[in-house]
Amino acid sequence: MRFTISSRVIAIILSLLVAGVLTTLAWVAPTLTLQDGVLAAGITVAACFLLLYLMFEALIFREINNIYEGLENIKRKEFRRMSSKFLFRPEPLKRMRDEILDMAQRRQQEIDELKRLQVLRREFLADVSHELKTPIFAAQGFVHTILDDDDVDEFTRKKFLQKAASSLDALDALVQDLVTISQLEKGVVRMRRQKFDIAQLVRDIFEQLEMKATARHVELALVCPTATPNEPLQVVADRNRIRQVLINLIDNAIKYGREYGHVTVTLTESGKGIRISVQDDGEGIPKQHQNRIFERFYRIDKSRSRESRNAGGSGLGLAISKHIVEAHKSTIRVRSELGQGTLLEFKLPKSKGPVVVPTAQE
C-alpha cells in the first residue's frame, strides 16, 4: 500500500507524540530522583529527536521519490499521470515538484516542435532541390546540345534556345517566389492598404486568365449579390497583393477544376467585411490533405505536381497566398468534398468612401 500521508497529518502526529512524551515526563518527574530525572530527560530528548528525524526523512524522501517518478513520466510523455495543480499549496516540496514537472512538460513540447520543424526543413530542402533541378537540367540539355553539335540548323538552334530560355524563366519565377515567401514570413514586406473595388479587380483577373479558361473550356463567373454599378464593393487592402492571391486561387481552380466546368468567384458582405470565395467543380481534395495544401511544394499526388509544373506553376502559389491573407489579419479556409469540387475563401475589411481608381502601373 502506497504511503500517502500529507505533511499536515505528519505535523499533527508529530505534535501529539511530542505532547504525549512531555506530558508523561511531567507526570512522572516529581516522583523521580535527580539521577532518574536526568536519565528521563535524556531519553525524552532522544525520543523527540528520533521522531523529528524519522518524520522529516519520510516526508522529504517521499516527495523526492514523487519528483523522480514525475520526471520518468515526462520521459515517457505520460503527462496525464502528473499530479493536478492547486491554487494554493503551502508544501514547498510539492510546489517544487509541480514547478519541475511543468517546466519539463514545456521543454518537451518545445523539443517536439523543434523536431517537427526539423522534419519540415529537410522536406523543404529536398523539395527546393528537386524543383530547381528540373529547369536547370532542361536548360543545360538544350544549351549543351547546341554547343556539342556544330551541324545544328538555324531553326533547331532557335527552337532549343527558346526552350532553354523558357526553363530559365521558370527558374527565375521559382527563385522570385522563394524570395517573396521568405520576406513574407519575416514580415519584411509591408502591406500598402488602400480602398478599391474588389469586384472590378476580379473582372480584371478574369480578362487576364480568359485564354487559360478557354483552353480548358471553363466558364468564369462572378457572383456579387449586393454590388451595383453605383455602389461597388470596396475593401481596404493591398490591391497588388490581393490581386496576386486571387490570380493564384482562380488559376488553380481553372487548372484543377473539371474540364468544361465552372469557376465561380462569390463576393458576399459579412458584418464589417467582404467574404471572397473561389469555387470549382473538380475532383475535390481529400480530407487528409486539406490542412497541408498551403505548405510549400506540398503535392497531393504526382500527377497534379507534373500538371502544375507543365502549366508553369512554382508550387508556392498557395503558400504565398496564405501569408498575404494572414498579413491582412485574415485566414484562407478550404472546404472540399471528393467529387464535389473545392472552395477557398477569405475575408477582407470593407470600407465606405470613394473608390481608388488603379493606375496603369497596377
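**View 1. The buried residues of helix α4.** Let's start inside this predicted model with the residues of α4 that are buried: Phe160, Ala164, Ser167, Leu171, Leu174, Asp177, Leu178, Thr180, Ile181 and Leu184. Why might such a list step along in threes and fours? An α-helix has 3.6 residues a turn, so residues three or four places apart point the same way. Look along α4 and you can pick out Phe160 and Ala164, or Leu171 and Leu174, among these buried residues.

**View 2. The length and the two ends of α4.** Helix α4 covers residues 154-186, which is 33 residues. Now zoom in on the start of α4: a side-chain oxygen of Asp153 comes within 3.1 Å of the backbone nitrogen of Phe155. What follows α4 at its other end? That's Gly187, with a positive phi near 80°.

**View 3. An open sheet of five strands.** Follow the strands across and you get the order β2-β4-β5-β7-β6, with mixed pairing. At the edges sit β2 (219-223) and β6, each of them pairing on one side only. From one strand to the next, the twist averages 15°. Take a closer look at β5 (residues 273-280) and β7 (residues 342-349): this pair is antiparallel and is joined over seven bridges. Which residue of β7 stands opposite Ile274? It's Leu348.

**View 4. Two helices lying across the sheet strands.** Helix α5 (residues 198-208) lies across β2, β4 (262-270) and β5, and runs at about 175° to β2. Helix α7 (residues 239-256) lies across β2, β4, β5 and β7, with an angle of about 165° to β7.

**View 5. Ser330, a serine in a loop.** You'll find Ser330 in the loop between α10 (317-327) and β6 (333-336). Is Ser330 buried or exposed? Its relative accessible area is 13%, and buried means under 20%, so Ser330 counts as buried. Setting aside neighbours within four places in sequence, Ser330 is in contact with Val325, Phe346 and Lys347.

**View 6. Zooming back out to the protein.** The protein has ten helices and seven strands, and 33% of its 362 residues are buried. It exposes about 23,200 Å², with carbon and sulfur atoms supplying 58% of that area. Among contacts between residues at least 6 apart in sequence, 76% join residues at least 24 apart.

Note on methods
Residues numbered from 1 in each chain as written. Predicted model: local features only at pLDDT ≥ 70, side-chain atom pairs only at ≥ 80, totals over all residues. Heavy atoms only, no water. Helix = DSSP H or I, 4+ residues; strand = E, 2+ residues; numbered from the N terminus. Buried < 20%, exposed > 50% of the residue type's maximum accessible area, 1.4 Å probe, protein only. Contact = heavy atoms within 4.5 Å. Areas by Shrake-Rupley, 256 points an atom, 1.4 Å probe, with all protein chains shown as cover. Pairing = 2+ DSSP bridges. Axes fitted to C-alpha atoms, helices over the stretch in contact; angles between N-to-C directions. Expected span 1.5 Å × (residues − 1). Polar contact = N/O pair within 3.5 Å; in protein donor to acceptor, adjacent residues only side chain to side chain.
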